[in-house]
Amino acid sequence: MNIETAIAANRFGLGARPGELERIDGRHVDWLKDQLGGPPAVPAAFSGLAHSPEIFADVQKVRAARRDARQSTDRPTPDIVKQYTAVVRRHYVDQSSARYVHAAATAYPFHERLVHFWTNHFAVSADKQPLTALAGAFENEAIRPHISGRFVDLLLAVEKHPAMIVYLDNQQSVGPNSRVGQRANARRSERSVGLNENLAREILELHTLGVDGGYSQDDVTRFAKVITGWSVGGGERRIFRQGKTGTFEFRDNIHEPGAQTVVGKNYSQEGVEQGEAVLRDLADHPATASHLATKLARHFVADDPPPDLVERIARVYLDS
C-alpha cells in the first residue's frame, strides 16, 4: 500500500473505514473523482429533518405564547426561556446528530469533506438565536445541493438563505430612499430604520473577493444598498410580515432604488435581479478565484500552499 492511499483517505476524506484503504489503493485519483458524484440528494440520515420554514414557525409559536401571556391577567406567564430552549435544542440535536451519523457511515467522505469546507467558508454562528436551531438546515438546504456544481449557484443559495440573512441582520436593512425609509425619515420615528452593511461586507471580505480583493468602503455601502430588501418571510414586525414564514422574501418597499456601482461596474437592474447580478460578477472575479484557490489549497494540502498550485487552481476555476 503506497503513501498516496493514506493521504487520500485522510487529507481528502474523513479517515479510512474498515476495508477502505484496500478500495483506494492504486486508484486514489479515480477514487477522488468518483467521490464528486456524491451521495443521493437527500441522504438517509437527513430524511425527516425539519426545514427552515418549520423551524421558524416553531420559534414564532413560542414567542407568540410569550406575547399572549403578557397580555393576559388570568394565567401565569409561562417559562418562556425553558420552552424556547426546548424548541431550539430539539432542532439542534436532530440536525447535528444526523450530520455525524452520515459522516461516520458515508461512502462519499470527500463529498462530506467538501460540505464541511464550504459550511466553514460560509459560516453562520450557532450562538446567535435562532441560528442554533437553523444552522443544520442552512447546511442541508444551501450547501449540500451545490457541492458538485458551480460556485455561483452555491453563492446565490447561501446569500438568499434565511439563516445567512438573519445571522447578518439583512432583514433589518432599509434603503434610505426606499418607500419605508422615506416615510420613516419624514416622521423622524424613534424606532430607527436604516442601512445595515453586515451582509455586504461579509460577502466581499470573506465569501468572494477576500480582504485584499480590491474593494473599498464605498463598495461595501453601495453593495449594501443593492441587497436591501433581501429578507425573510413572516417577520414579526408589521413591515416584515409579508411572505411565507422562514423563506427568502424580497421586499421592494425597503429596497434602495436606482443604479449602483460596485467594484467598478454599474448595475442598473431593478429589484432582486440587481443583487443577483452583482453576485454573479463577484463569483467570476479573478480575486475571488485566488481567494477560493488559496483556501482550498490550505485545507487540502498545506497551511502555506505552493504559489504555483494556488495559481493553477484559480486558473482552472476561471476557465471552467
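User: How many aromatic pairs does a search of the whole structure find?
Analyst: Happy to start there! This is a predicted model, in which local features need pLDDT of at least 70, side-chain atom pairs count only at pLDDT 80 or more, and totals for chains, interfaces and linings use all residues. Residues are numbered from 1 along each chain as its sequence is written, and side-chain values use heavy atoms, with hydrogens and water left out. Rings of Phe, Tyr and Trp (its six-membered ring) pair if their centres lie within 6.5 Å; planes under 30 degrees apart are stacked, over 60 edge-to-face, and the rest tilted. On that basis, the search of the whole structure gives 10 aromatic pairs.

User: Are the planes of W118 and F122 stacked or edge-to-face?
Analyst: The ring centres of W118 and F122 are 6.1 Å apart. Their planes make an angle of 25°, and under 30 degrees counts as stacked. The arrangement of this pair is therefore stacked.

User: Is F122 buried or exposed?
Analyst: Buried means under 20% relative accessible area, exposed over 50%, and partly exposed in between (1.4 Å probe, protein chains only). The relative accessible area of F122 is 0%, so F122 is buried.

User: Which ring does the charged end of K160 sit over, at 5.8 Å from its centre?
Analyst: A charge sits over a ring if NZ of Lys or CZ of Arg is within 6 Å of the ring centre and within 35 degrees of the ring normal. K160 also lies over the face of F248, 5.3 Å from the ring centre. At 5.8 Å, the ring is that of W230.
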